Amino acid sequence: LGVPDNHYGHSSSLLAYAGLLYVQYDQNSDARLMALDAATGADVWVMPREDISWTSPIIAHTDFGVQLIVASEQHVDGYDPVTGKQLWSQECLGGEVAPSPAYSNGMVFVANEYAMASGVQLSGADGSFGTEILWEYDDLLPEVSSPVGDGERFYFASSVGEIVCLDAKTGEELWLEEFDDGFYSSPVLVGDRLYILDMA
């Protein structure tokens, strides 16, 4: 693949699913989203990307099938992970986006410190797909750390030391906890516990 031509370096993580390896190869020219055969490395499909980011792709098991969801500087997009067909696109971001999307219970959640946080409801019927921004939140936002959802709530952490919990359906802030050190790592849900490493 060579060395990506972007101004911070490559930070998108690889993702494996159903025998395919997904590479979000974002750079200043010829940015692309690729699915490689995990056994051989051969291209299965390649889709161009107009806007880049420093996020990572996620696999979402939605009511409308499995989707590959990626974010850019402007949009969050859903793809068919087998064919690479773009299923939907929603403009809701801005700036140099590092936090990856999160999916839970029919909702896609994206956020960036220099834009907004958005709760995006997925819909679909007869092979067509749609999105609707149900709510936006613009108080405390993540700079690097990616959010996570548990079906009822979304959680995210800021680089200045807050962890925020929002209601997944309304965007209402349910709680906010302040810490002495900030967060670049992403929170992880295990059972009924939320784990995260701070920068100290």
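Biologist: Which residue is the bridge partner of M34 in β4?

Modeller: The partner of M34 is V46 in β4. The model is a predicted one, in which local features need pLDDT of at least 70 and side-chain atom pairs count only at pLDDT 80 or more, while totals for chains, interfaces and linings use all residues. Residues are numbered from 1 along each chain as its sequence is written, and side-chain values use heavy atoms, with hydrogens and water left out.

Biologist: Why are β3 and β4 called paired strands?

Modeller: Strands are DSSP runs of E of at least two residues, numbered from the N terminus. Two strands pair if DSSP finds at least two bridges between them.

Biologist: What makes β1 and β4 the edge strands?

Modeller: An open sheet is formed by 4 strands in the order β1-β2-β3-β4, with antiparallel pairing. β1 (15-17) and β4 (43-48) each pair on one side only. From one strand to the next, the twist averages 20°. β1 pairs with strand β2 (residues 20-25) in the antiparallel sense over 3 bridges, and A16 stands opposite L21 in β2.

Biologist: Why does S72 count as buried?

Modeller: Buried means under 20% relative accessible area, exposed means over 50%, and partly exposed lies in between (1.4 Å probe, protein chains only). S72 has a relative accessibility of 3%, so the residue counts as buried. S72 lies in the loop between β6 and β7 (75-79). Leaving aside neighbours within four places in sequence, S72 is in contact (heavy atoms within 4.5 Å) with R49, D51, I52, S53, L93 and V97.

Biologist: Is S100 buried or exposed?

Modeller: The relative accessible area of S100 is 9%, so S100 is buried. S100 is placed in the loop between β8 and β9 (102-104). Residues up to four places away in sequence not being counted, S100 touches T55, S56, S146 and P147. A polar atom of the side chain of S100 lies 2.8 Å from the backbone nitrogen of S56.

Biologist: Which residues touch the most other members of the largest nonpolar core?

Modeller: A nonpolar core is a set of buried Ala, Val, Leu, Ile, Met, Phe, Trp, Tyr and Cys residues joined through side-chain atoms within 4.5 Å. The largest one has 15 residues, of which I69, V76, W88, L93, Y103, V108 and V110 touch the most other members. At least two residues of this core come from each of β5 (58-62), β6 (65-71), β8 (86-91), β10 (107-111) and β11 (117-125). A second, separate core has 13 residues, including A102, A111, A117 and L141.

Biologist: Why is the aromatic pair of Y8 and W54 called edge-to-face?

Modeller: Rings of Phe, Tyr and Trp (its six-membered ring) pair if their centres lie within 6.5 Å; planes under 30 degrees apart count as stacked, over 60 as edge-to-face and the rest as tilted. The rings of Y8 and W54 are 5.1 Å apart centre to centre, with 65° between the planes; the pair is therefore edge-to-face. Y8 lies in the segment before β1 and W54 in the loop between β4 and β5, so the pair ties together parts that are 46 residues apart in sequence. Y8 is exposed at 56% relative accessibility, whereas W54 is buried at 9%.

Biologist: What makes the pair of Y155 and W175 tilted?

Modeller: The ring centres of Y155 and W175 are 6.1 Å apart and the planes stand at 45°, so the pair is tilted. Y155 lies in strand β14 (residues 153-157) and W175 in strand β16 (residues 173-178), so parts that are 20 residues apart in sequence are tied together. Y155 is buried, with a relative accessible area of 8%, whereas W175 is partly exposed, with 37%.

Notes: Axes are lines fitted to C-alpha atoms, for helices over the stretch in contact, and angles run from 0 to 180 degrees between N-to-C directions. A polar contact is a pair of N or O atoms within 3.5 Å; within protein, one must be able to donate a hydrogen and the other to accept it, and residues adjacent in sequence count only if both atoms are side-chain atoms.
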